[in-house]
Amino acid sequence: MLLVALLAGVLQLALALHVRNTLIDSASEGARYGALSDSSPDAGARRTRELIAMSLSAGYGDDVTATTVSDGGMDLVEVRVRAPLPVLGLLGPGGTLVVTGRAVAEG
């Protein structure tokens with residue numbers, strides 16, 4: 001019984017880390033896309049949603065926002081994704097993951 005509980009905990013952690021890493025990668029790629037000189041933050045948000053839908057599920061890309069922020073005198077495109085924390089069955093904590101991707105805006 002203890003072994004089954006340990007295995008379920010490890011699987012829950014692995015799933016949560018996979019989803020988190022995929023969301024971070026999608027947000028970062030969307031920010032880079034939105035930071036191109038012939039693009040916009042909205043295009044970066046759309047690209048992020050597409051990547052999330054291809055990698056995980058479209059439901060994880062329901063809350064994606066992209067804005068232009070200034071940090072240290074540079075304009076940055078910031079893509080923020082809020083997604084549910086995946087849970088295996090009734091095991092593990094529920095909640096929300098919030099990840100951010102940033103890229104320096106061109107031109």
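Tutor: Let us begin with a term that we shall need: two strands count as paired if DSSP finds at least two bridges between them. Please keep in mind throughout that this is a predicted model.

Student: In E2, which residue is the bridge partner of valine 64?
Tutor: E1 and E2 pair in the antiparallel sense over nine bridges, and serine 70 stands opposite aspartate 75 in E2. Within this pairing, the residue of E2 that bridges to valine 64 is valine 81.

Student: And in E3, which residue is the bridge partner of valine 81?
Tutor: Strand E2, residues 74-84, also pairs with E3 in the antiparallel sense, again over nine bridges. Arginine 82 of this pairing stands opposite valine 98 in E3, while the partner of valine 81 in E3 is valine 99.

Student: What is the order of the strands in the open sheet?
Tutor: The edge strands, each pairing on one side only, are E1 (63-71) and E3 (96-104). Neighbouring strands are turned against each other by 25° on average, with direction ignored. The open sheet of three strands, with antiparallel pairing, therefore reads in the order E1-E2-E3.

Student: Which residue in the hairpin of E1 and E2 takes a positive phi?
Tutor: The hairpin of E1 and E2 has two residues between the strands. The residue there with a positive phi, near 65°, is glycine 72.

Student: How are H1 and H2 oriented to each other, roughly parallel or roughly antiparallel?
Tutor: The axes of helix H1 (residues 2-34) and helix H2 (residues 41-55) come within 7 Å and cross at roughly 150°, and H1 passes H2 in a right-handed crossing. Because angles over 145 degrees count as roughly antiparallel, the two helices H1 and H2 are roughly antiparallel.

Student: By class, how many nonpolar, polar and charged residues does the contact of H1 with H2 have?
Tutor: On the H1 side, the residues that meet H2 include Leu23, Ala27, Glu29 and Tyr33, and on the H2 side they include Pro41, Arg47, Leu51 and Ile52. Counted by class, the contact of H1 with H2 has seven nonpolar, seven polar and two charged residues.

Student: Where do the helices lie on the sheet, and what angle does the direction of H2 make with that of E1?
Tutor: H1 lies across E2 and E3, running at about 30° to E3. H2 packs on the sheet and touches E1 and E2, and its direction makes with that of E1 an angle of about 140°.

Student: Which side chain meets that of glutamate 50 in a salt bridge?
Tutor: The structure holds six salt bridges, and one of them has an N to O distance of 3.6 Å. Both of its residues lie in helix H2, three residues apart, about one turn of the helix. The partner of glutamate 50 is arginine 47.

Note on methods. Residues are numbered from 1 along each chain as its sequence is written. This is a predicted model: local features need pLDDT of at least 70, side-chain atom pairs count only at pLDDT 80 or more; totals for chains, interfaces and linings use all residues. Side-chain values use heavy atoms; hydrogens and water are left out. Axes are lines fitted to C-alpha atoms, for helices over the stretch in contact, and angles run from 0 to 180 degrees between N-to-C directions. Helices (H or I, at least four residues) and strands (E, at least two) are DSSP runs, numbered from the N terminus. Angles under 35 degrees count as roughly parallel, over 145 as roughly antiparallel, 65 to 115 as roughly perpendicular and the rest as oblique. A crossing is left-handed if the near helix is turned anticlockwise from the far one by less than a right angle, and right-handed if clockwise. Contact means heavy atoms within 4.5 Å. Ala, Val, Leu, Ile, Met, Phe, Trp, Tyr, Cys and Pro count as nonpolar, Asp, Glu, Lys and Arg as charged, and the others, Gly among them, as polar. A salt bridge is a side-chain nitrogen of Lys or Arg within 4 Å of a carboxyl oxygen of Asp or Glu.
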